[in-house]
Structures are given as structure tokens and as C-alpha cells.
Amino acid sequence: MSKAWLAFFILSYSVFCTFALALPMQKPEQVCATCHQSQVADWQTSHHFHAMEVASDSSILGNFDNASLAYQNQKTRFFKKDSGFYIEMPNLTGELTTYAVAYTFGYHPLQQYMFDFGNGHYQFFPFAWDSRSKQQGGQRWFVLHPEQTETDAFHWSQKGQNWNHMCADCHSTDFQKNFDLKSNTFNSTFSAINVSCNACHGDSEQHLKWASGNNKIKNKGFTHAIGQKTPLFQSQADGTMKSVSLLKESKQVTMCATCHGRRSNLADRQGPHDFFNAFQPALLTPELYQVDGQVWDENYVWGSFVQSKMYQAGVTCTNCHNPHSGKLKLQGNLTCTQCHASTTFDTPKHHGHTTNEVGSQCVDCHMPTTTYMQVDARRDHSFKVPRPDLTIKTGVSNACNQCHQDQTASWAVSQIKTWHPNSKHIGKAHFATSFHHADARAPNAAEFLTRIAQDKQHSTIVSASALTRMRNTPGNNALVAIARAIKDPSPLKHIAAINAATPYPLTDRWRLFNVLLDSTHHSVRIEAARSLAGMLNAPFPNELSKQDKTRLNAALNDYKKSQEFNAERGFSHTNLALLALEMAEPKAAEMHYFDAIKVEPIFMPAYVNLADLYRQQGDESKAQNILKQALSVNHEASDVYYALAMSQIRSNEKQNALKSLENATLFAPENASYLYTYALLLQDQKNIHQAIRYFEKAYAITPTNPDISYSLTQSYITLNQFKQALFYAENLARLLPNDRQIAQMVNQLRMMQGVN
């Protein structure tokens, strides 16, 4: 090549590169559409596509034609000005203020809206647009949480309604939170405003190289397989389902779980397959699930689906759903009968209802709905058989009575037995009974939990949920279950086992699971480190080798980073304070509590824990001052009133303590501990009749608490009301059947009543 031609080539290439760099960067879907047009077209109709958008005429569904809505005794106005959308509503002082709508969030069955709250904080308006049809009750504005006040975590001004912390990592792609504590600012970023191709498939760089002909690149350039494990299942003679082909390895369900699973954030995700590193998944706890595993709170499908027989057999999300549109591949019962024979299951003989009417659809009985955010009915994905018999035993809901609300659970049991006289489900043992006993602190709970935790027939999440409940039932059986769970490969069981081991001495915990400090799963490693942190403090360090100290410190630093990642929340600083206290660093703990109060003033546990720190230092005056500061922020904080009462009792201010305890029970009427403590203080102050009233309120909530039954027995004996005393004494004997003194007391009361 001549020098002239070489110079021309270099100049031409330079001009080309300059021009190419000047072009706007293509969005991932624009690149993908060159080969995957139908998939991108499907995606553009999906919830993922509409997950979040810039507010515009094309994205906003709500009525901004000067519409109005009553809110806080004022009129909120929704209007458009020039090309912008605005909402006028009361600010935190009650003054009507106009806020510009920055983004839309979701689109069906409701659409929410976001505004810039300053310093990079984006908050959700307290209103949503019901985007359902008028026939369904939609096409209207409504207040999402009309009962909430400024001190509620989910008030529009609080962190529970903050986009950066709560929602962005699932509604946008490659989200990075970037919170700075010192300035209390976010500098959050994302690669795509919505859930784009990279959110599920990961970085496309290697795939594009593969597509361009690089044969050395394996797996089409993707790090993980996320396809179906198998396309179809067939029913066998014994009723079981078997795959028509060998199951393929797939990370699909875990990948989907990063957004479609209830979990807490530990770090910015590094890719779509980062579930046990960026997050800690939730188990089937009473706050989130009913005792039989049905949904209670918003749990986003994964925790339900992994309980199911379908998941155990190898079914993945895309066996039913188009992965790009999110819609069902087949309509109605055809979704189910692609695997389950229609001649067996899609008939009145099976479902007991008239064809094509409510009750004849598989989902009516096996995927009942729970409505969230007032209009969003979501189906339970655990695919359970209706068990009204469990409703009778444990109080869980059932699909039958969800429709037939005028009938009893016993009626529903009879109906099912009429259709299926040889049902292998009704009356069958279920983990719900054991979880119910455990949550009620029944004496025999430990034995049942141990069986479930180690029974391979139960799904991993059920076994792990049994394990974590064993925190309240320590003993030899629990130790065996914990030790076996540590050896299991499941990170879910590892997290549960660490939690279950909490009551045991620190050195025993070290022997049980120090191996988990080396876990490849971030969520497991930091949980183990937090539980074992005390081994670095006197008198334990001498028991550790230099290598073990290094391992523990490294994992503990990971734990601290996870708390610092959530530095915009009060709980993270409170967690760091508790760690500092365990490390004998009270000054550092005090500073962390102050940070918690500064960053989230409504987070009451920070005040309560700080007051307890002052108590430990012998300064009740300081403790009471910080608790009163908390009450100036939230005058309905029952836990603060309770802590204040305890401080007042220690300071011999019992009359003040009575008032504080009364307030604690007023604002937490279902808290048996507060009721019981208030009753004890009333008893101490010789107000026996009022004490009995509160003892009985506590008993109505937790009849399995032996202390309450004992107090009621003694109180009624004091009043010479032996019939009532006998009632509670007999309950006490049932709770503590091997206690001779109680048995003797029951016999004496029976003799006094002339009862054999």
C-alpha cells in the first residue's frame, strides 16, 4: 500500500470513528431487534417495558385534565401545563404545593407517579390511577394509603415510598443506588429506564461477538442458561408428572427471583443471576405468609412457586408465560392442560362446578387471588390443593370460602368429600399445623419442626422456614437439624440454620457453622459473620487462630458494607450500633444510633436501643430524654411508651409508668406482652380488678403463655373466686403437664369446687 493510500485510509477511518462516536448510543433493545424482532415486539407490550417511563403524553394514563381528588380535607388537583404534568397537593405543613410529575411507574391495573424530592431523592405521590376499565371500577384517581400519617414508613415523604431505595433496582436495568450519607444525597444511575434485555440476559457484549461469527465463544456468549428445563410434562399412571425430555440446567427461576421474590437488598446487583449475593431472600414467616405457605403480604411469586410440586418437578416460569411479553402462552385452563390431562381435570367431576363458570377454572381453586394496593389482584403461585380442613385447625384461608363467604369451612370440607370421597389431601398431615403450633409457642412445637426441617419431601423453603422457627425451640433435636442444614448445599437452609442457632452459646455456634464464613454466597457469609462477631471480643479471641480471625474479620467487613449500602435507612445504622456494642464499643454504637435518628427520624427502634444503652451506663435521665424525643416525633409509638415505662419503674416513678404502659396498650392493643406487663404493675399498685381485666386481654391473645394463666389463677384466688381460678389453673396444667406443684394446685381448687 502506498503512503498516499495509507494516509487516505487513516484519515477516512478517523472520520468514520468520529462520526460513529457522535451518533446517539443505541438502546439494548434497538441492537437486539436487528435479530430478535418478534421478541422485542412482544417485550414492548409487557409490564417490563412499562415498568418506568419519563412522564409524557404517551406514557401517562391518568386524567390530568384538571381532575381533582379529596385528600387530607383538601382538594388535590391533577393538571397539565405546557408539556408538563403536575399534581397540587398538601405538603408536610398542609400548604397546597405543586409538584411536577417526573416519571410514571407501571401501567396496569394501576399506574403510579414520581416526583423529585430534592438531593436525588425521588418519591411516589400518595395517589394512583386505576387503569382498569370503567366496567371493572377503574378510570379513576384514588389514595393508595388513606390511613397513613407522616410517621408511617410508607407515607409519601418517607423511605418506604422512596424510589431509590425501594423500587428502582427492579423497575430499571443495571441500577446503581449511589447514596452519600454525609450529604444525604442520591446519585442513582441506570443503563435503561425500564426492564430491558440486559436485565434478564446480562451484558450482551459477548453475545454480539458470538453473533458476528466468533466461534470460540461458548453458550452464545451468555454466562448462564435461563431457558426452560423442559418444554412439557406428561401425567403418569400413578398421577405423577414426568418430563418428556431430560431436564436441562437452568437458572431461570433464580434469575426471575431477583425481582419476583420478597428479599432484602445487600448491594447493587452485578448481573441478573446475583440472587444470593445482592439479596437475602425471605422465608415463610408469619409476617409474610400464612402458616400453610399461602401469601399474606406482598411476596412477588418466588416464595410461593418454590413451595410447589411444579417447581420440584422442573417447571420454570416460561413453561406458562411468554418470557418477553409476560403474558400466558395459552388462555384459561389450556395453560394447565398442556401437562395435566383435560379429560381428568378439566371436568365438573374434578372441579365440581359448571363448565365456563366461576370455579371451573383451575386458577380459581389452585391459584386464589389476594388484592394489594386496593386494585391489584395477584394469584398465589404455590398451586395448593384447597384445604378447608386446615382452616378449621389453623385459621388459614382457603379457596372454597374465598368465593363461598356465606358458608363455613366445615361445609367446604363436606363438598370436597362429596366430589372426592377418597381424597388423599383432606385430613393429610401438613406443615401448616406444625407452623401454627410453633407460632403459638405450643409446648410440642419443637418435635414437629425438627421433622419438617429434615424431611426431604418438603421443599427447601418450607424446611428452611421450619429451621428458622426453631430459634424459639432450642434443644438437642434442634441442634441435629441445624448441623445437618449446614452440610446441605442450599444457601436458604444455611441462612435459616444460622438464625436457628441464635440461642446457643457463641462457642457452640462457632463450632456449628464457622465454615460458612467461606461461603461463596454473600448473603450467607455476612449472616454467619454477624452471628459469630463476638468471637473477636473478650474472652473469646484467644480461642481463634490467626487465620480464623482473618476469615471472620473479612466476612464481618462484608457485613458492614451491606449495612453501609443501606445507609439511607435507620435500620442499617441500628444494626451497626448493635454490632459495635457486641464489640465493646459503646461510643461508636451511640454515634450509629444518632446517624439512624438523623437519616430516618421516624425509626423508633433507634431511640429505644439508644435509651437502653444509656440504661446500661446507669443514666436513666438520659434514657428518658431520648425516649421523650422519640415521642415528640411519633406520639403513638407503643414500643417507646413501653421502654419509657420500664425506665420509670427502674426510677421508682410507678405512677408515671402506669400512664406510659396504658399508652403502650392503647396504641398496640394486640401486644400481649404490653398488656401483661401493664397488668402486673396494676397488680403491684393494688388495683387487682383492673389488673385482671388486662391479664384476660393478654390471655385472649396468647392462651398458651403459662405466665399469664398463672397470674390469672393467683389473682382469682386472691379474690376467692375459685371457679375462675380453676379454669386458668387447668389451662396451666395442660401447658405444663409435668409440673407437680401445678397439678397439686389444680387438685386443691377442684376439691374446693367439689369437682372430681
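Trainee: Why does lysine 80 count as partly exposed?

Mentor: Its relative accessibility is 36%. Buried means under 20% relative accessible area, exposed means over 50%, and partly exposed is anything in between (1.4 Å probe, protein chains only). The 36% of lysine 80 falls in between, so "partly exposed" it is. Keep in mind that this is a predicted model: local features need pLDDT of at least 70, side-chain atom pairs count only at pLDDT 80 or more, and totals for chains, interfaces and linings use all residues. Residues are numbered from 1 along each chain as its sequence is written, and side-chain values use heavy atoms, leaving out hydrogens and water.

Trainee: What links the side chains of aspartate 57 and lysine 80?

Mentor: A salt bridge, with 2.3 Å from N to O. The rule asks for a side-chain nitrogen of Lys or Arg within 4 Å of a carboxyl oxygen of Asp or Glu. At 2.3 Å the pair is inside that limit, so it qualifies. Aspartate 57 sits in the loop between β1 (52-54) and β2, while lysine 80 is in strand β3, 23 residues apart. Strands here are DSSP runs of E with at least two residues, helices are runs of H or I with at least four, and both are numbered from the N terminus.

Trainee: Is aspartate 57 buried or exposed, and why?

Mentor: Aspartate 57 has 57% relative accessibility, so it counts as exposed.

Trainee: How many salt bridges does the rule give, and which residues form a network?

Mentor: The count comes to 29. Asp130, Arg132 and Arg140 are linked in a network. Take aspartate 130 and arginine 140: their closest N and O atoms are 3.1 Å apart. Ten residues separate them, with aspartate 130 in strand β8 (residues 121-130) and arginine 140 in strand β9 (residues 140-143). Aspartate 130 has a relative accessible area of 0%, so it is buried. Arginine 140 comes out at 31%, so it counts as partly exposed.

Trainee: Why is arginine 530 called buried?

Mentor: Its relative accessible area is 19%, which is under the cut-off, so the label holds. The side chain of arginine 530 meets that of glutamate 582 in a salt bridge, 2.7 Å from N to O. Glutamate 582 has 29% relative accessibility, so it is partly exposed.

Trainee: Back to β3. What is the order of the strands in its sheet?

Mentor: The order is β2-β3-β4-β5, an open sheet of four strands with antiparallel pairing.

Trainee: Why are β2 and β5 said to stand at the edges?

Mentor: β2 (65-71) and β5 (96-100) each have a single partner strand, so one side of each lacks a neighbour in the sheet. The twist averages 20° from one strand to the next; axes are lines fitted to C-alpha atoms (for helices, over the stretch in contact), and angles run from 0 to 180 degrees between N-to-C directions.

Trainee: What makes β2 and β3 a pair?

Mentor: Two strands pair if DSSP finds at least two bridges between them. Six bridges join β2 to β3 (residues 74-81), so the pair passes the test. In β3, threonine 76 is the bridge partner of leucine 69.

Trainee: What makes helix α24 mostly covered?

Mentor: Six of the eight residues of α24 (506-513) are buried, among them Trp510 and Phe513. The buried residues of α24 pack against α22 (476-487), α23 (491-500), α25 (522-532) and α26 (546-565). Contact means heavy atoms within 4.5 Å.

Trainee: Which residues have the most contacts inside the largest nonpolar core?

Mentor: Ile482 and Phe513, in a core of 70 residues. A nonpolar core is a set of buried Ala, Val, Leu, Ile, Met, Phe, Trp, Tyr and Cys residues joined through side-chain atoms within 4.5 Å. The largest share of this core, six residues, comes from α23.
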